[in-house]
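Hi,

Here is the structure I promised to pass on. Have a look at it first, and my notes follow below.

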Amino acid sequence: MDNNSKRSEALLYHAKPTPGKIQVVPTKKYATQRDLSLAYSPGVAEPCLEIAKDINNVYKYTAKGNLVAVISNGTAVLGLGNIGPEASKPVMEGKGLLFKIFSDIDVFDIEIGTENVEEFIQTVKNIAPTFGGINLEDIKAPESFEIERRLVEELNIPVMHDDQHGTAIISSAALINALELADKKAEDVKMVVSGAGSAAIACADLYVLLGVKKENILMFNSKGLLTKDNPNLSDLQLNYAVDGASVSLDEALKGADVFLGLSTADVMSAEMLLSMADNPIVFAMANPNPEIAYDLAISTRKDVIMATGRSDHPNQVNNVLGFPYIFRGALDVRATKINEAMKMAAVKSLAALAKENVPEQVNIAYGATKLVFGREYIIPKPFDPRLISEVAPAVAKAAMESGVALNPITDWDKYKEELLERLGNDNKMIRLITNRAKTDPKRIVFAEAEQLDVLKAAQIVYEEGIGFPILLGNKEIILELKAELGFDADVQIIDPKLDEEQERRTRYATELWESRKRNGVSLYDAEKFIRERNYFAAMMVNTGEADAMVSGHSRSYPSVVKPLLQIIGKAPNVSLAATTNIMMTSRGPMFLSDTAINVNPTAEELAKIAVMTANTAKMFGIEPVIAMVSYSNFGSSGNPSASKVKEAVAYLHEHHPEIIVDGEVQADFALNPEMLSAKFPFSKLAGKKVNTLVFPNLESANITYKLMKELNKNGSIGPIMMGMNHPVHVFQLGASVEEMVNMAAIAVIDAQEKSMRLKGK
C-alpha cells in the first residue's frame, strides 16, 4: 500500500460525517497491530495535520461535535447544598447518563475544586477545546449567573446552566398550556414566586418573554418579599424587587392566578390555596417535598392545575425534557451559543407536543389508560420517544434563524429520521407503512372490540387517519370502554348477537351455506357459525361491507385462521396461503416466512411461499433478496429436509429468474455477504444484502422470529397473511396495542392493493 492510500485509510478511520449531520462513530476493528497503527501512531498523524491546517476539521475527524462537558463545583447540589466537588460527582455522572440515553450525546463529567468565579471560568475556558458544548450544573447563585454570562460571551460553543434554564424552559411550556386550560392570558395574570435563586429568576425571565408583566410578579426569598430598599439583593434579584412595604406570602396569594415554588416544603397552606383566583395554577417544585403536597392541593381545590418536580404525580417538571434535546439541536448545527430564541423554540415545541395524541408505549410506560391533554397532562412525559425528533429540530431551526448556526441543516425530514436512528428508534418501515395507509384509509373490522387493548388500537387507527374502524362485539361493553378511553368518535359498532342484526345474520348464514353446503355445512350450522365473531367479520369483508378485518388478540391463531380459510379462501390461482413477519433489525427490515400456517411445506410449496413473500416485500417498496435457509449449504447434505429446499431453489431459478434467490444456505452465510462471497462465489446472493429468509418448515421460522423478537428486542409486524382472497390478518395471541395498530395498517395497505388490482382489470 502506498503512502497516499495509507493516508486516506487513516483519515477514513478517524473521519466523522459532515458537521451539522448526525455523527456516528464508525465501528472499527482494533484486534491487530495494523488496526492500532491506524487508530494511533503513525496513522493518527494524518487527521492531526488536517486539523492543524483548519481548526474546523476537528469536528470532521474527532468526536468533539458530539461531546459535552457536565461541569460543577458542587456548591448547590440538588437539595443538599454546598457539598463539594467530589460529593457532586455521582450527580454529574448521572447527568451524563441522561444525555446519552435521551439524545445519544457523549459526556465527560468534570468537577472543579474552586469556588472562585475567575478560577472556575478560566478552568472551563482552558479545557473548552475538547468539547462541543458545556453544561453547567449545581453552581450556587449569584456566582452561577456571572459564570454562565462570561462563558457564553467568551466561548464559541453552546453553554447553558441547566439548573437555571432547564427548569425555566420546562415550566414555561407547562405555563403556556395551564393558562390555556384556565382560560387566562399571560399578560393578565398575577404571579407569586416563592424562591429567588437562579432557577426562580430564570423562570421569571422566561415567563416575561411569554407575556407575563414584570409588575405582576411578586417574588419572595427566605426573608420575605423582595423590595428595592433591601441592600442584600443581587442585581438580578433587584430586577424583581418592588417598591413599598412588604407583604406576607399568604397576603400576596390572595387573588393570585399563578404560584411558582422553587423554595422549601410546605410553605403554602390549604388556606393560601383557597384564597387564590379561580382555576389557580400551582407549580410546587421543591424536591423531594413540594411547597404544598399534591394530595392536599387537589383535595382542597378541584379547579387547581398543578405541577411538581416529582415523578409520582402528574405534570412533573423534569429537566430531562429539555437539556438533552436542546444540546442535541445545538450540536447538530454547530451553534456558537444557546440563545433565548433557541430556549423559546424548545418551550413552544414541548407545549405543542403535549396536545398531540400520546403513543401507546408512553401510556404503558406510565400505567395510564390514555393520556390526553388536560389538567393532569400539560407537559409531555420524559419517556415520550417523540421528544428528540420534535424538540431538537425546533432548537436547531431557531439557531439557524437567529444566526448562531455554523452548519445549517437543509433536509429536515432526513434529520428527523437520523435523530430517531440515533436512539435505536429506526421505525422507518413502520412509518412508511403508516403513512401509506393514511393515503387511502379503508374500513377495518376489529372483531374483538370489547377487549380494552383492541379498542385502544382501533382508536389510534381512527385518530391517526390510518383507517375507519368497525367495532365488532358486545355493544354495551364497547360503549363503556369508549367512554373510559375518551374515544368519542362516531364509529360503527356492531353486536352480531343483537336482534337488530337478525337480517344481516340471516343473509350471511344463507351465503355461507350456499358456499359450503357441499363441504358438509348445513344451514343450521351456518346460522350457528355466523353468531361467532370471526365468521361474522369475515362475511362482512366477503360481502364488501368492510374492506378488511383483524382479529386474534384473545384467541389462538388456529381458531381464528380456520373461519378465514373457510369463508375468505385463497385468491384466484393461489394454491396455498402463508404468512410472513417483518422484523425490524439493525440491518434494516427482514422478511421471515412462513411463520404461522404451513407446518412442513413441500419443495413446490416453498417456492410458492418465496414468490408470495417477494411480492409482499415489493408491496412495501423493498426489492427482495431471498435466502432459502437450511442447515445445509448448496448440496452439502442429502437429507430430504435440505433436498426439498434445493429443489425449491431450482424451480425458482427456472420459473422466476427475475427474483434474486438462492440456497439451500445456512443462516450465517446468508446474512454475511463477505463470508458467502469468499466461500460460495457462484451464489446469486454473493455480495448482496439478504433481506428475506424462507425457512424449510414452520417450526424453524416461528422459533427464529420469536427468538429475534425476545432476545434482540427486534420489532415485529405480523404474521402477515399472504395469498388470501380478501384482506384479513390475524394478531398473535396477546399482541400489544402497537403491534395491532401496525397490523391494521398492513390490512389497509392490503385493501389498497386489492382495490388497485380490481381497477386494473
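**The sheet and its helices**

Strands β5 (residues 191–194) and β8 (residues 258–261) run parallel and are joined by four bridges. Within that pairing, Val192 has Phe259 of β8 as its bridge partner. Before you go further, please keep in mind that this is a predicted model.

Two helices pack on the sheet that holds these strands. Helix α8 (residues 162–182) touches β5, β8, β9 (281–284) and β10, and its direction makes about 155 degrees with that of β9. Helix α9 (residues 198–210) is in contact with β5, β6 (217–221), β8 and β9, and its direction makes about 175 degrees with that of β6.

As for the sheet as a whole, it is open and has six strands, in the order β7-β6-β5-β8-β9-β10, with mixed pairing. The edges are taken by β7 (224–225) and β10 (305–308); each has a single partner strand, so one side of each is left without a neighbour in the sheet.

**Helix α26**

The other element I looked at is α26, which covers residues 603–619. Its 17 residues reach 25 Å from the first C-alpha to the last, close to the 24 Å expected at 1.5 Å a residue. Among the buried residues are Leu606, Ile609, Val611, Met612 and Met619, along with Thr613 and Thr616. After the helix comes Gly621, with a positive phi near 75 degrees.

Terms used
Residues numbered from 1 in each chain as written. Predicted model: local features only at pLDDT ≥ 70, side-chain atom pairs only at ≥ 80, totals over all residues. Heavy atoms only, no water. Expected span 1.5 Å × (residues − 1). Buried < 20%, exposed > 50% of the residue type's maximum accessible area, 1.4 Å probe, protein only. Pairing = 2+ DSSP bridges. Contact = heavy atoms within 4.5 Å. Axes fitted to C-alpha atoms, helices over the stretch in contact; angles between N-to-C directions.
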